[in-house]
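Subject: A structure for you to look at

Hi,

Here is the structure I promised to pass on. Please open it beside this email and follow along as you read.

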Amino acid sequence: MKIKQHEDIKDIFSIFHDGVISASSLHDESIILDIEIQYLSERINPEYTGFKVSLYGFCDVEFSTWPSDLKSDPEKITDIKSIFKPELEILRANIKNNKIEVVCNQHSHEYDYCGGVLLFTLNSAEVQDASGKFYSIEDLDTLCTNYWNK
């Protein structure tokens, strides 16, 4: 169930606010992100801890860091493996110049930055749970709304 509208893809990351991108795997022009977000995934199954988000046509990626030392200059990281090596906590998402922008925290002291802004281009996305079930943006919105209304 591919999600193709940029606004809807941005909303995936907004719905997964406070979730953590814990792993990534690159496949040609796509990437699969493991997003740990227990408070939403356990509503589907108490044993689930997150979702897989597949991003197709994933390119033009960069991560602009927020240096831990305020006197340091931000760094632009374009190597995908380096970007996703630390866990990135999702704060919010926007659309900027027809790209998806995901604002993230980064809590590991192994790195000289405490977060940053992830910016990328893509064609479409898919979201699935641990059982392999796919979710539309409407399904995710309902899941999120039900959580916050509880």
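Let's begin with helix H4, where Ile137, Leu140, Leu143 and Cys144 are buried. Viewed down the axis of H4, the buried residues fall within an arc of 125°, so they line one face of the helix. On the face of H4 turned away from the buried side you will find the exposed residues Glu138 and Asn149. Please keep in mind that this is a predicted model.

What do the buried residues of H4 pack against? Their partners are helices H1 (6-15) and H2 (38-41), together with strands E3, E9 (124-128) and E10 (134-135).

Next, the aromatic rings. Searching the whole structure turns up nine aromatic pairs. In one of them, Tyr39 and Trp148 have ring centres 6.0 Å apart and planes at 65°; because an angle over 60 degrees counts as edge-to-face, that is the label for this pair. Tyr39 belongs to helix H2 and Trp148 to helix H4, so to speak a link between distant parts of the chain, 109 residues apart.

Are these two residues buried or exposed? Tyr39 counts as buried, at 18% relative accessibility, whereas Trp148 is exposed, with a relative accessible area of 52%. Trp148 also pairs with Tyr147: their ring centres are 4.9 Å apart and their planes stand at 85°, so this pair is edge-to-face. Tyr147 itself is partly exposed, at 28% relative accessible area.

Elsewhere, Phe13, Phe58 and Phe120 make up one aromatic cluster. Do look at Tyr56 too: the charged end of Lys2 sits over its ring, 4.1 Å from the centre.

Finally, the strands. E1 (residues 20-27) and E2 (residues 30-36) run antiparallel and are joined by seven bridges; one example is Ile21, whose bridge partner in E2 is Ile35. The two strands form a hairpin with two residues between them, and Asp28 in the turn has a positive phi of about 50°. E2 is also joined by seven bridges to E3 (residues 50-56), again running antiparallel, and here Glu36 stands opposite Gly50.

Happy exploring!

Note on methods
Residues are numbered from 1 along each chain as its sequence is written. This is a predicted model: local features need pLDDT of at least 70, side-chain atom pairs count only at pLDDT 80 or more; totals for chains, interfaces and linings use all residues. Side-chain values use heavy atoms; hydrogens and water are left out. Two strands pair if DSSP finds at least two bridges between them. Helices (H or I, at least four residues) and strands (E, at least two) are DSSP runs, numbered from the N terminus. Buried means under 20% relative accessible area, exposed over 50%, partly exposed in between (1.4 Å probe, protein chains only). The arc is that of the directions from the helix axis to the C-beta atoms. Contact means heavy atoms within 4.5 Å. Rings of Phe, Tyr and Trp (its six-membered ring) pair if their centres lie within 6.5 Å; planes under 30 degrees apart count as stacked, over 60 as edge-to-face and the rest as tilted. A charge sits over a ring if NZ of Lys or CZ of Arg is within 6 Å of the ring centre and within 35 degrees of the ring normal.
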